[in-house]
Amino acid sequence: MLSVRNIVKQYANHLALNDVSLEVEKGKIFGLLGPNGAGKTSLIRIITQITAPDSGDVIFNGKKLNSDHINQIGYLPEERGLYKKMEIGEQVLYLSKLKGLSTAEATKRINFWFDKLEMGSWWNKKVEDLSKGMQQKVQFVATVLHNPELIILDEPFSGFDPVNADLIKNEILELNAQGTTFIFSTHRMESVEELCDNIALIDKSKKILDGAVDDIKAGYRNNTYKIEYKGDADFSDSAIFDVIELTQTKNGKCLKFKLKGNFVVNDVLNMMISKVQINHLEEVIPSMNDIFIERVRK
Amino acid sequence: MNKILLIIRREYLSRVRKKSFIIMTFLTPLIIAGFYGLIIYFSIKGINDKTDKVAVVNQNKTLKENLVSNRNVTFEYVNDSFEHLKKNLTKSSYDYILYLPDFDIEHPKGIELIGTKQAGLTLDGRISDSIEDLIRDYKLKKSGISQTDLDNLKIKVTINTKKIGDKGEEENSSAGASTIIAFVAGVLMFMFIMLYGVQVMRGVIEEKTSRIIEIMISSVKPFQLMMGKIIGIAMVGLTQFLLWIVLTFSISALTVTVFVSKDDAKKMVASSSIVTASNPGAQQIQAAAISDGPLGNVQKSIKNLDLGKIISVFIFYFLGGYLFYSALYAAIGSAVDSETETQQFMMPVMMPLLLGYALSLSVVTNDPYGKVAFWQSMIPFTSPIAMVVRLPYGVPGWELALSMIILVIGFVGTVWFAARIYRVGILMYGKKASFKEMVKWFWHKG
């Protein structure tokens, strides 16, 4: 539904985006990853039409991005705030009317969301009377209220306690199940693995990796396994695998190893099963966190 | 367009509902009316109720005539010595001692005035005037002019200034009335532009520091946000101005009836030479007193000034001048992270406004048709103040039109200029803005 093609963005003295292209599929949750200062925010600002690219195109639902698309996009920036002196209800109403909703429709939806997120009594409160986490909830509601086709969330969970983070995560999944597409920018890799279907990794103004999360992780498998067993046998000098690590656990030992040559994991089992009691075996798949660190360090 | 209206509405309502706005709006006319009441009060009672008593020690052999006492100064000639009087001044009933030595009449020197307190400029002037009169009279008599001729020479003249209006008719005018209106208009204009311009800047800084700006401009264009804010605040200013006019006029009317008691009114009618009231009904006397008394001249002239025109031109220049400056203030607000950083940028914006203010209230009121006045009322940096100051004295139609056109071109220019800085500035955080930086933002494309 959204395709970014060869975007270049140059600021006064540095290149923020260097020929970046990516595809966001409809109904998916797309993770936009990268270290600080990589160019994520610059890219998001181009998609939300806050700034314009120097060259390249953004295509939204088959059309070149234009001002008609503003109302179909919801954006929760990382640096976000509200008018401090304004009442919550009035404020969300104002923001959603700016996105083209009528007063009646907006009021109806605000009531719906406030009930849903346990914010029922907040309408007449002022922003300065709310905690940071409570303000984040208000901002989330303001972002999704106009039912946008595409929602862009920049670090949506920062500032939330685990209970509210979970609440918001479930709302994201529910909206996604109804067909809303998400772009999700974060540093928290565990939430990427929980939520994202696809990702793109941007580093130093360039896209260095993209694809489905499962495919990427599969691509980073390297025949590493972890086995837990009870027994005293010594496997440190095996012909089948190289030992990476041997640790003592509560119930025995845990051995992390990498297979040699053409051996498969069953060969390991065959060899060990007669010598020790095996409790657990699993493949060690690199986490997104590992992949992130590995790629960015390169 | 619809979005700009929403922004205007929010900016307007959020300010008009503030307590400080409501207090300011209702308190200011009360204060103005209070001043107006005081002026009327004193013009009836006379500001100087107290008469200074001056002991005169005259050792001059030529000046035999006595200084003439008047309402404010009583001269009493004493035979005591100057030194003795000086010692006992605090105990005596005199406020001052005037010492006239035996000076040469051609070069009066050595006159001293000693008091328990420093004599003010007015007293000083009054006494020296009296002495000058005395010397002049002496000299005139010496050259052979009789006392009767001298008395005949003393004539008081009041000038009834008139001006030929646009249609050739004669209008009563008074330099006094024009100057009062010019001052009030000039000060108000300066205050309004400053006050509301700074409000625009504060509003922009608030949006920036509260970090709502990025949420806002993902919904509206920076230009819409800036213009919405500027127009919304302009409407707050207009509301306040119109309320002030209505309230000031109604409260002032009330003060006049309260302050001018019937007795005072009678006194004033008696002292006036143009008593025409044949019906001694209290109301008429009161009205007559106001229209014919010393204040009456000014009031009559104010009526002739066409307040409607002055107010509507004032509103035009307020809007024009405000738009001109507030756009610059918006640009400043966008460039900084907090209000404390605004100082270095405020100066260059404030200077022309201050200069216009200072020059308008001095040079322009003295010579409302001169070159300085003309150019000041053409250059958009100063024209809002200069033109409203000139207006009560009368300004040719073409000058007014030309100045208005230049002002419109001027504010379109500053709005365009400011918008280019604003759109980049509002997204810049933590970077110390400089003029060099702002020039870069201005040329930034996209």
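Two residues count as in contact here if their C-beta atoms, placed from the backbone, lie within 7 Å. With that cut-off, A:Gly100 touches A:Asn71 and A:His146, leaving aside residues up to four places away in sequence. Keep in mind that this is a predicted model.

**Around A:Gly100**

- You'll find A:Gly100 in the loop between α2 and α3 (103-116) of chain A.
- A:Ile70 is 30 residues away from A:Gly100 along the chain, yet their C-alpha atoms are separated by 9.5 Å.

**Helices α2 and α4 of chain A**

- Helix α2 (residues 88-98) and helix α4 (residues 132-144), both of chain A, have axes that come within 9 Å and cross at roughly 30 degrees.
- Angles under 35 degrees count as roughly parallel, and α2(A) and α4(A) are therefore roughly parallel to each other.
- As for handedness, α2(A) and α4(A) make a right-handed crossing.
- On the α2(A) side, A:Ile88, A:Val92, A:Leu95 and A:Ser96 make the contact, and they meet A:Val138, A:Val141 and A:Ala142 of α4(A).
- Sorted by type, the residues of this α2(A)–α4(A) contact are 6 nonpolar and 1 polar, with no charged ones.

**Where chain A meets chain B**

- Chain A puts 22 residues in contact with 15 residues of chain B.
- Helix α2(A) turns up again here: with 4 residues, α2(A) supplies the largest share of the side of chain A that touches chain B.

**Nonpolar cores**

- The largest nonpolar core has 125 residues, and A:Ile152, B:Ala327 and B:Ala330 are the ones with the most contacts inside it.
- Helix α12 (residues 307-335) of chain B gives the most to this core, namely 15 residues.
- What does A:Ile152 touch, not counting residues up to four places away in sequence? Its partners are A:Ile44, A:Ile47, A:Thr48, A:Ile73, A:Gly74, A:Tyr75, A:Leu76 and A:Ile183.
- There is also a second, separate core of 10 residues, with B:Val73, B:Tyr94, B:Tyr96 and B:Ile127 among them.

Notes. Residues are numbered from 1 along each chain as its sequence is written. Chains are lettered from A and ligands numbered from 1 in the order in which they are written. This is a predicted model: local features need pLDDT of at least 70, side-chain atom pairs count only at pLDDT 80 or more; totals for chains, interfaces and linings use all residues. Axes are lines fitted to C-alpha atoms, for helices over the stretch in contact, and angles run from 0 to 180 degrees between N-to-C directions. Helices (H or I, at least four residues) and strands (E, at least two) are DSSP runs, numbered from the N terminus. Angles under 35 degrees count as roughly parallel, over 145 as roughly antiparallel, 65 to 115 as roughly perpendicular and the rest as oblique. A crossing is left-handed if the near helix is turned anticlockwise from the far one by less than a right angle, and right-handed if clockwise. Ala, Val, Leu, Ile, Met, Phe, Trp, Tyr, Cys and Pro count as nonpolar, Asp, Glu, Lys and Arg as charged, and the others, Gly among them, as polar. A nonpolar core is a set of buried Ala, Val, Leu, Ile, Met, Phe, Trp, Tyr and Cys residues joined through C-beta atoms within 7 Å. A residue is buried if 20 or more other C-beta atoms lie within 10 Å of its own, exposed if 12 or fewer, and partly exposed in between; C-beta atoms are placed from the backbone.
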